[in-house]
Amino acid sequence: MSGSIRLRLLRWVIPPVLLMNLLAGALAYMLAPPPLREVVLRTLVLLEIVFALGCVGLVWFSVSNGLRPLSRLRSELNAREGDDLAPIAAAEVPYELEPVVSAFNGLLAKVGEGAQARQDFLANVAHQLRTPLAGLKTQLEWLGARHTEPDTAKSVGLMLSATERMIRQTNQLLALARAEPHHFEKTRLEPLALDALVADAVQSFVDQARLKNIDIGFDLAPATVVGDRFLLRDLIDNLIDNAIRYTPPHGAVTVSVRPKLLIVEDNGPGIPLARREQVFNRYVRLDDKTHGSGLGLAIVRDIAVVHGARLTISDPPDGSGALFTVKFS
């Protein structure tokens, strides 16, 4: 049944109460001496109006006060991220709402189990695809080196390019699964030289940057952070890959390391202020003309979160491009 609880209660409460008062008033009117009946009538009408208004106010206040915990619950649920499936604290709601909260928590648990099963499936599929894709790439490179006829070389080049995209997306799916909070293992945390990790990562992007005539450089100061080596490498790789991917030819990408800080700056098109939070959601892409899965920055965010780091986007000092900063605690 839909409709307002307040109006429904008023329909249930007001008519019988008014009817009882009218009967009592009619009885008082008949029993009163004739000279006083007019005064009694005016008094009874005034009392009826006051009583009716009092009932309306009481019902309105009681229902509003009773629904306040539900309003608070709604605000808390609306403030959650889409992937936050933590159970609602039943101890913080009134006894009458515990069955509702229990049902919500049961539903959240089922959704969480489904999401985990889907994530495990993706991780397993991605893991199983890595080896055959690497073998396929090796065979295509072998073919390309031995068959230089223009038509054959073009076909092999296209197949090699498609294979490299599949390998990248497979690696991103694996990184996404590793960064899931329930897969994150604190036992793998160790003190790491962030500058050495970045220096190694930048070298693997030199060829990709050269193909677009992008000037890639780094400015590294000694810095030690506590983290997972493989996850932090995924974070660095995805930030650099994102910067190169969206920076136009002849642009520049600079990676800097300072104590507790990782900074990746580019002079690409930048990210509008209103969309800077959205780009960390999965499958969100601002530029459909550039190849990408929309997972890179979601991976960066997840890895930053499990490391307790703060990830921000701002404008570079000259106002052109994007400046990604990861601040470790």
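Q: How far apart are E38 and R42 in helix α2?
A: This is a predicted model, to be clear. E38 and R42 are four residues apart in helix α2, so about one helical turn separates them. Their side chains meet in a salt bridge, 3.0 Å from N to O.

Q: And is E38 buried or exposed?
A: E38 is exposed, at 53% relative accessibility. R42 counts as exposed too, at 51%.

Q: How many salt bridges does the structure hold?
A: Ten. One of them joins the side chains of R233 and D237, at 2.8 Å from N to O. Another is between D241 and R245, at 3.1 Å.

Q: What's the spacing of D241 and R245 in helix α7?
A: They sit four residues apart in α7, so about one helical turn lies between them. R233 and D237 are also four residues apart in that helix.

Q: Why does that spacing work for a pair?
A: An α-helix has 3.6 residues a turn, so residues three or four places apart point the same way.

Q: Is D241 buried or exposed?
A: Buried, at 7% relative accessibility. R245 is buried as well, with 18%, where the cut-off for buried is under 20%. D241 and R245 also belong to a salt-bridge network with R168.

Q: Switching to α5: which of its residues are buried?
A: L194, L197, V198, A201 and V202. They cover an arc of only 130° around the axis, so they lie on the same side of α5.

Q: What about the surface, which residues make the nonpolar patch?
A: L27, Y29, M30, L31, L41, V45, I49 and L53, with an area of about 810 Å². The elements giving two or more residues to the patch are α1 and α2. L31, for one, is in α1 and is exposed, with a relative accessible area of 67%.

Q: Where does UniProt put the "transmembrane region" annotation?
A: At residues 12–32 and 44–63, in an unreviewed entry. In the model, residues 12–32 are 95% helix, with end C-alpha atoms 31 Å apart. Residues 44–63 are 100% helix, and their end C-alpha atoms are 28 Å apart.

Q: And which residues get the HAMP domain label?
A: UniProt's unreviewed entry places it at 64–116. That span is 64% helix and 0% strand.

How values were computed
Residues numbered from 1 in each chain as written. Predicted model: local features only at pLDDT ≥ 70, side-chain atom pairs only at ≥ 80, totals over all residues. Heavy atoms only, no water. Patch = residues over 30% accessible without salt bridge, like charges linked within 9 Å, V, L, I, M, F, W, Y side chains within 5 Å. Areas by Shrake-Rupley, 256 points an atom, 1.4 Å probe, with all protein chains shown as cover. Salt bridge = Lys/Arg side-chain N within 4 Å of Asp/Glu carboxyl O. Buried < 20%, exposed > 50% of the residue type's maximum accessible area, 1.4 Å probe, protein only. UniProt positions renumbered as here; feature names shortened; annotations may be inferred. Arc of directions from axis to C-beta.
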